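Here's a quick briefing to read with the model open beside you. Take a look at the structure first, then work through the points.

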Amino acid sequence: MNQNFLKHINKYHPIQWLLKSVELSRKNNSKFKNKLNISSSSAFLVIMSDIAIRVSQNDKLYGNIPTDKEYEDFISIYVNTQSSTHTQLLQEYGVLALSLIVTEQLKFQYPSTNLIGRLSLLYAEYEDEIFEITGLKIIHIITILLALMAFYQKPEHYSFEVKHLNIETIDGLKKENIINFLHYFSTDVKSYKTELKNLGFDKRQLYSFRLLEKIPIINFNTDHYILPTLDNLLYSVTSNMNIHLLTYFSKIEKGKKYLDSLGVKFEDYVRLLTNEVFNDIVEARDVVPKETENA
């Protein structure tokens with residue numbers, strides 16, 4: 001591992017790096033977004049958060065969070081370190097390649113309403129399986145997601161507790177549902193490292209494994225939770241629902257069956273949306289010769 005990078009990461013506890021991610025994530029979703037450096041986009045905040053959790057050996061959680069300059073140095077050293085083993089783009093342009101790389105991260109550029117709508121519509125037929133996985137109905141997941149998005153609108157909010165979201169008169173925000181949500185979508189630093197170790201990944205490797213895309217919330221100090229980036233949470237509970245379901249079905253040896261069924265449902269989903277825009281639809285099977293592949 002690059003010793004300069006390791007020394008830089010170890011200036012702060014992983015949670016302090018995550019708090020910096022919260023700060024930058026909030027700015028990145030504000031009206032000042034166009035003034036931010038491209039390296040503070042959600043794509044790079046996820047990479048930074050993942051590496052900081054896995055690699056930082058600092059166990060003293062106190063003091064200030066990293067400065068903007070220290071975050072920029074984190075990304076700069078990371079990119080330049082990785083350039084020797086990654087794409088020619090990075091080798092030739094280094095940090096200047098960031099804007100091109102971020103453009104490829106389309107998952108963080110879709111409107112949130114589209115992603116939430118897809119979760120509600122496309123995955124409605126897997127409601128029972130989603131409930132078995134998470135203990136939640138789809139509407140509960142959406143309600144908690146919206147509550148967290150609202151909570152993090154306030155600049156003084158860096159972490160949260162169950163009580164900050166709990167409203168017993170709202171079904172999705174009942175304490176039991178919030179606890180179920182956090183039980184599935186959160187983990188602590190030690191468990192995060194352990195899971196990757198069990199998967200065979202070396203904690204000292206700088207390549208980002210992005211387990212954070214599956215588990216987007218980090219727990220610390222018992223009942224305190226950090227959401228490093230809102231975009232990543234949104235992606236995890238919506239588009240990434242496919243991965244959560246595939247993991248579930250694979251464990252019961254029905255992964256192939258699930259993928260086949262989702263393919264059919266996705267065709268129906270596209271057909272439904274297309275009919276909302278166009279009045280006259282011709283099915284591919286009506287114009288493509290038989291015995292050939294078609295969507």
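Leaving aside its neighbours within four places in sequence, which residues is Y184 in contact with? The answer is I133, T134 and H244. Keep in mind that this is a predicted model.

- You'll find Y184 in helix α11, which spans residues 175-185.
- Y184 has a relative accessibility of 21%. Buried means under 20%, so Y184 counts as partly exposed.
- One of its contacts, H244, is also a polar partner: the two side chains are joined by a polar contact of 2.9 Å.
- Y184 and I215 sit 31 residues apart in sequence, yet their C-alpha atoms are 7.7 Å apart in space.

**The three-stranded sheet**

- The sheet is open, its strands come in the order β1-β2-β3, and the pairing is mixed.
- β1 (186-188) and β3 (224-226) are the edge strands; each has a single partner strand, so one side of each is left without a neighbour in the sheet.
- On average, neighbouring strands here are turned by 35° against each other, if you ignore direction.
- β1 pairs with β2 (residues 217-220) in the parallel sense, over three bridges. Look for S186 opposite I217, and for T187 with its bridge partner I218.
- β2 and β3 run antiparallel, and three bridges join them.

**Which way the side chains point**

- In a regular strand, side chains alternate between the two faces of the sheet.
- You can see this in β2: I217 and N219 point one way, I218 and F220 point the other way, and all are buried.

**Helices on the sheet**

- Helix α11 lies across β1, β2 and β3, running at about 60° to β1.
- Helix α12 (residues 189-198) packs on the sheet too, touching β1 and β2, and its direction makes about 95° with that of β1.

**One face of helix α7**

- Helix α7 (residues 112-122) has these buried residues: L115, I116, L119 and L122.
- Look down the axis of α7 and those buried residues fall within an arc of 160°, so they line one face of the helix.
- Why does such spacing work? An α-helix has 3.6 residues a turn, so residues three or four places apart point the same way.
- The buried residues of α7 pack against α9 (138-151), α13 (230-237), α14 (241-251) and α15 (255-277).

How values were computed: Residues are numbered from 1 along each chain as its sequence is written. This is a predicted model: local features need pLDDT of at least 70, side-chain atom pairs count only at pLDDT 80 or more; totals for chains, interfaces and linings use all residues. Side-chain values use heavy atoms; hydrogens and water are left out. Two strands pair if DSSP finds at least two bridges between them. Helices (H or I, at least four residues) and strands (E, at least two) are DSSP runs, numbered from the N terminus. Axes are lines fitted to C-alpha atoms, for helices over the stretch in contact, and angles run from 0 to 180 degrees between N-to-C directions. Contact means heavy atoms within 4.5 Å. Buried means under 20% relative accessible area, exposed over 50%, partly exposed in between (1.4 Å probe, protein chains only). A polar contact is a pair of N or O atoms within 3.5 Å; within protein, one must be able to donate a hydrogen and the other to accept it, and residues adjacent in sequence count only if both atoms are side-chain atoms. The arc is that of the directions from the helix axis to the C-beta atoms.
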